[in-house]
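Student: I would like a close look at a single part of this protein. Please keep it brisk, and link that part to its surroundings.

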Amino acid sequence: MSPLDSIAQAERLPLLALGGLIGFAAAACVVLRVVRPLLAHKDGPPTLPYWIPWHGIWYMRNARDVVDTAYRRYGSYAPFTLMLGGQTVHVVGNPQDVKTVYRLSRALSFEPITTEIVALFGMGKTSKRLRDMFSAEGLGVGHGGSSKANLIQLAHPFFRDELTSRTRLQLIGERYITELERVMDGINRRFRTSQGTKQGAPASIEVPMWNFCREAVFTASVNAMYGRSLIDKHKETFEVYNAFDEEFHKLVFQFPEHLTTEVRQNREHSSTLEDTAAEVINKWHELMLQKSGMTLREIVSGAFSIFWGFNTNSIKTSFWILVFISSTPNLVDRLRAEFAAAFSTPNGMPSIDYLTKECPLLNAVFNETLRVATAPSSMRLVEEESVVGGFVLREGERVLLPSMHLHRAKHFWGEDADEFRPDRMLEMAKTTDPVAAGYLRAFGGGSSYCPGRIFSRGEIIAFVAVMLQRYDLVMLGEPPVPNTGPPTLGVLDPPMPCGLRMRLTTRL
């Protein structure tokens, strides 16, 4: 062999090696696609086929497409299986099957998922102690017919009672209206300091719509629930919370540590809750200290998860409602006429009770926004072998309960299911309850049914009504649409970064 031939052969070696690797990878994908279904349990849900190993990349990029693909392949919303992060995850999408999962709350448990979520807020491995059993005598809760319970089993009825009783709701609602009025006064000061407005003429300002809505609702809600001292003492609270919320998904989906440095640093800001906790959280602190023996720092980490839950979905929903209202012809005038009587109060602020009970169109707007702009996915761990939808689910496997496909199901909502049309809720109310039917699950269900849903509805509707009552709103740009690609725990984000601006003009 000549020297030139040797050189040519050496140059071909990397290409041959690369070709070999590609060939091996392709063969491995074919083997996994063909062999894995053969190894699966015959009585379990079928595994959705894939070419690239596992479904994780596909699901993270477009969770809705994964569910839609399964529907097209199997012809129904029957359970099917994904491989996510090396774990067997059964996707349950049929409303009746979802109700079965909710009913089997002991065998298909939300408790271990709760410990995993709370751990993300800084509690770490200590979160497993939330499942330690203790005597629950006198607390009105037990487990499996015994007088023992753990803190997770106690949490749901505790917060349900604190956040749904009429007396507590009225108290919290009054606090919220007081704080909302304070926020609105702050907005009015922006008008007084703006230049170029003739005396007696309507005044206008422009604001970044995404941050404006989030900060206004966040401030009023946090002050109502936690007292003013939290934000007064820690001016950076909103910015830190906002940064944490925008990257929280990195913790949920277990991004590499070097990609989660910032979100973990913002998480540490939760320590400021130690001396500024809300009354309801203080009650919970006392119970946790008494029953678990956790340190105050560990309990504060758990409290941060509650703080996040109070805020994350409400502030995003407020943004979407104003976007949808502003981009729907004639809707503003209809809403103003409907809720005008709610403002017949001494301070000119609305009655939340009136808004939630006497304003069907406003509540239809709220429900339609939840349908179009939310897609919560809940998880369960199989702790006892169970049957759902005719398939056997085995111990150690997981159950995923998505909702976007139901919120956008054309056979239930109509051919315009992807569009915002609040009158559909008024029309359906005459014959169907979409929540009872299982096609509207914005607040989850079963053991994970959101205990703050009633307060959340009131605070969002009140904010929207006040904004429409005081200002004419004009979006300065094309309205964004919810990002339906990546999976979410609740309300969908707009495409980021969201640069949409809004002009507020005072109404004379």
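Along strand E11 (residues 471-476), which side chains point to one face and which to the other, and which are buried?

Tutor: Bear in mind that this is a predicted model. In E11, the side chains alternate. Tyr471, Leu473 and Met475 point to one face, and these are buried.

Next, the partner strand. E11 pairs with E12 (residues 501-506). The sense is antiparallel, and the pairing runs over six bridges.

Now the loop between E11 and E12. Asp493 in this loop links to Lys316 in helix H13 (residues 296-326). The link is a salt bridge between Lys316 and Asp493, with the closest N and O atoms 3.2 Å apart. The pair joins distant parts of the chain, 177 residues apart. Are the two partners buried or partly exposed? Lys316 is buried, because its relative accessible area of 7% falls under the 20% cut-off. Asp493 is partly exposed, at a relative accessible area of 30%.

Then turn to helix H21 (residues 453-470), where Ser456 is placed. Ser456 is buried, with a relative accessible area of 10%. Setting aside neighbours within four places in sequence, Ser456 is in contact with Ser314 and Phe443. The contact with Ser314 includes a polar one, side chain to side chain, at 3.0 Å. Ser456 also sits 9.8 Å from Leu163, C-alpha to C-alpha, although 293 residues separate them in sequence.

Finally, the other salt bridges. The count for the model comes to 26. One of them joins the side chains of Asp423 and Arg334, 3.0 Å from N to O. Asp423 lies in helix H19 (residues 423-428) and Arg334 in helix H14 (residues 331-339), so this pair ties together parts 89 residues apart in sequence. Asp423 counts as partly exposed at 25% relative accessibility. Arg334 is partly exposed too, with a relative accessible area of 38%.

Another salt bridge is formed by the side chains of Asp353 and Lys357, at 3.2 Å from N to O. Both residues lie in helix H15 (residues 352-357), four residues apart, about one turn of the helix. Asp353 is partly exposed, at 34% relative accessibility. There is also a network of salt bridges, which links Glu368, Arg371, Asp416, Arg421, Arg424 and Glu427.

Methods:
Residues numbered from 1 in each chain as written. Predicted model: local features only at pLDDT ≥ 70, side-chain atom pairs only at ≥ 80, totals over all residues. Heavy atoms only, no water. Buried < 20%, exposed > 50% of the residue type's maximum accessible area, 1.4 Å probe, protein only. Helix = DSSP H or I, 4+ residues; strand = E, 2+ residues; numbered from the N terminus. Pairing = 2+ DSSP bridges. Contact = heavy atoms within 4.5 Å. Polar contact = N/O pair within 3.5 Å; in protein donor to acceptor, adjacent residues only side chain to side chain. Salt bridge = Lys/Arg side-chain N within 4 Å of Asp/Glu carboxyl O.
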